[in-house]
Amino acid sequence: MVTVMKKISSNEVDEKSKNAIKVSASHRSLSFLSMFKLSVFDSLPKGVFAISLFGLFLGASTTMIYSQLGLFLKNELHATELKIAFIDGMVEFIAYVTRIFSGMISDYFMNRKFILYIGCITTLFMKPLFAIATSPLMVMVAQSIERVGNGLQATPRDALIADLSTPATRGQSFGFSKSFKTIGGLLGTSIAIMIMWLSSNNYRLVFACATIAVAISIFCLSKIKTKEEIRNTGHTEAKKKITNPFKKQYLKSFDIHFWKLIAFAVIFELGHFTEALFPIYANNFVSTSVASSVSMFISIGQILCSFPIGLYADKFGKERFLKVCIIMMILANISFMSASSIYQVYIGAFLWGGQMTANQGLFLSVLTERVDSHLRGTAIGIYYCAVGASYLTASVISGKIWTSYGSMYSFLYSIIFCAISLALFKTLMPPKKASNGA
């Protein structure tokens with residue numbers, strides 16, 4: 001009887017211990033979720049949510065076209081990989097050059113939203129041209145004008161995020177916005193694949209449908225409340241005297257450390273060639289109708305990595321996580337090079353996408369903290385212009401290597417510049433500096 005009672009007592013203790021462990025684990029989970037919820041919904045400025053929703057629909061429209069464009073150029077218009085890489089690199093460079101002017105204009109007039117409207121309307125009218133293109137040259141013209149529209153809205157959008165954020169939340173603000181934009185990209189790619197499947201690979205139908213998402217993004221843009229609009233409603237938090245941003249006192253913030261950071265971004269970006277080649281590479285493992293699914297995994301990587309990296313970079317150091325992004329890029333290339341199935345291609349695409357928007361958000365965050373708040377748009381425009389030149393160079397070189405020697409050497413080329421970036425990290429990464437404005 002005593003033995004039985006002891007067993008019962010022992011079982012009760014074990015059960016209580018298990019319950020205690022469960023409760024403890026539950027508390028830890030709730031604590032983590034509470035911290036995550038606090039970080040997302042309480043720390044982030046409300047304006048960032050509206051900007052992110054705007055980016056979601058614009059991203060959906062863009063990826064509906066770009067997830068299929070490489071295959072369209074190769075399979076229907078019979079362009080070579082070199083020509084595809086050159087077209088993509090050139091139009092992206094045009095977009096990046098446009099960003100420096102849109103950034104300067106938005107700084108001077110301090111009216112970022114108006115420039116956003118112009119960029120979106122330009123994009124809206126250019127989307128239908130893809131559906132009627134009959135040659136690579138027509139695609140390049142349509143893509144160039146559409147990318148000008150993208151360049152007009154990209155810099156004011158990022159500068160607006162920096163305006164609405166504090167130094168303590170800037171990394172996660174950029175990460176959150178870019179994650180949302182990529183969710184739109186994932187939706188866009190998924191819709192494009194569905195349309196391709198239902199229409200027996202009708203690329204032009206996909207391009208025509210992409211126009212709808214741009215119209216929705218313009219509606220979302222009208223709901224974004226900038227600091228100027230807040231000021232007009234009488235809120236004191238945004239009241240700030242606007243002066244000429246190009247005064248000597250502000251230009252001093254473009255110091256040697258700023259330019260070293262730009263140089264570092266250029267070197268790293270020389271290893272980042274066009275993703276338009278990835279569906280062509282995936283086509284070696286799967287059919288044409290689903291080859292663009294590789295773009296979905298780029299988007300998934302961006303969604304799952306961009307905000308967490310931005311969040312923890314705010315807590316533990318943005319410079320440290322830039323190094324993490326470079327390592328992710330190297331691993332992505334290794335995964336591509338060693339691929340024997342589509343699943344390894346997907347892993348490479350996930351890592352490539354995961355570092356892509358995360359490193360861009362971190363660079364933007366560090367840059368906007370180093371320059372005066374009056375020159376944020378200009379600084380972002382300089383960054384985009386510099387990395388755009390690198391992107392064009394990398395795309396042309398890797399496209400030539402891909403066409404002449406094979407895809408493996410293009411991935412090896414990317415690894416080399418990632419390794420150079422790591423080697424120069426301490427030399428070019430500037431010391432921490434207090435922000436010149438919230």
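My entries below go through helices, cores, contacts and a few backbone angles.

**Ground rules.** The model is predicted, so I keep in mind that local features need pLDDT of at least 70 and side-chain atom pairs count only at pLDDT 80 or more, while totals for chains, interfaces and linings use all residues. Residues are numbered from 1 along each chain as its sequence is written, and side-chain values use heavy atoms, with hydrogens and water left out.

**Helix H2.** I started with H2, residues 46–76. Helices here are DSSP runs (H or I, at least four residues), numbered from the N terminus. H2 has 31 residues and reaches 45 Å from its first C-alpha to its last, close to the 45 Å expected; the expected span is 1.5 Å times one less than the number of residues. I also found a bend of about 40° at Leu69, taken as the angle between axes fitted to the seven residues ending there and the seven starting there. H2 is largely enclosed by the rest of the structure, because 23 of its 31 residues are buried (buried is under 20% relative accessible area, exposed over 50%, partly exposed in between, with a 1.4 Å probe and protein chains only).

**Cores.** Where does Leu69 turn up again? Leu69 is listed with Phe207 and Tyr383 as having the most contacts inside the largest nonpolar core, which has 105 residues. Such a core is a set of buried Ala, Val, Leu, Ile, Met, Phe, Trp, Tyr and Cys residues joined through side-chain atoms within 4.5 Å. Helix H15 (residues 342–370) gives the most to this core, with 13 residues. A second, separate core has five residues, including Leu44, Val48, Phe176 and Phe307.

**Contacts.** Gln153 is in H5 (residues 136–164) and is buried at 1% relative accessible area; its contacts are Phe54, Leu58, Leu116 and Gly119. Ser299 sits in H13 (residues 293–316) and is buried at 5%; Ser299 is in contact with Thr182, Gly185, Leu186 and Thr189.

**Across the chain.** Ile100 is in helix H3 and counts as buried at 17%. I noted that its C-alpha is 7.2 Å from that of Ile380, 280 residues apart along the chain. Ile100 touches Gly381, Ile382 and Cys385.

**A helix pair.** How do H10 and H17 pack? H10 (residues 256–269) and H17 (residues 407–423) pack at about 155°, with their axes 8 Å apart. The axes are lines fitted to C-alpha atoms over the stretch in contact, with angles from 0 to 180 degrees between N-to-C directions. The pair is therefore roughly antiparallel, a label for angles over 145 degrees. Phe264, Ile267 and Phe268 of H10 meet Phe417, Cys418, Ile420 and Ser421 of H17.

**Positive phi.** Most residues other than glycine have a negative phi, and I noted two exceptions. His78 has a positive phi of about 60°; it lies in the loop between H2 and H3 (81–109) and is exposed at 64%. Asn201 has a positive phi of about 65°; it lies in the loop between H6 (170–198) and H7 (203–221) and is partly exposed at 31%.

Technical notes:
Helix = DSSP H or I, 4+ residues; strand = E, 2+ residues; numbered from the N terminus. Contact = heavy atoms within 4.5 Å. Parallel < 35°, antiparallel > 145°, perpendicular 65-115°, else oblique. Lists of a residue's contacts leave out its neighbours within four places in sequence.
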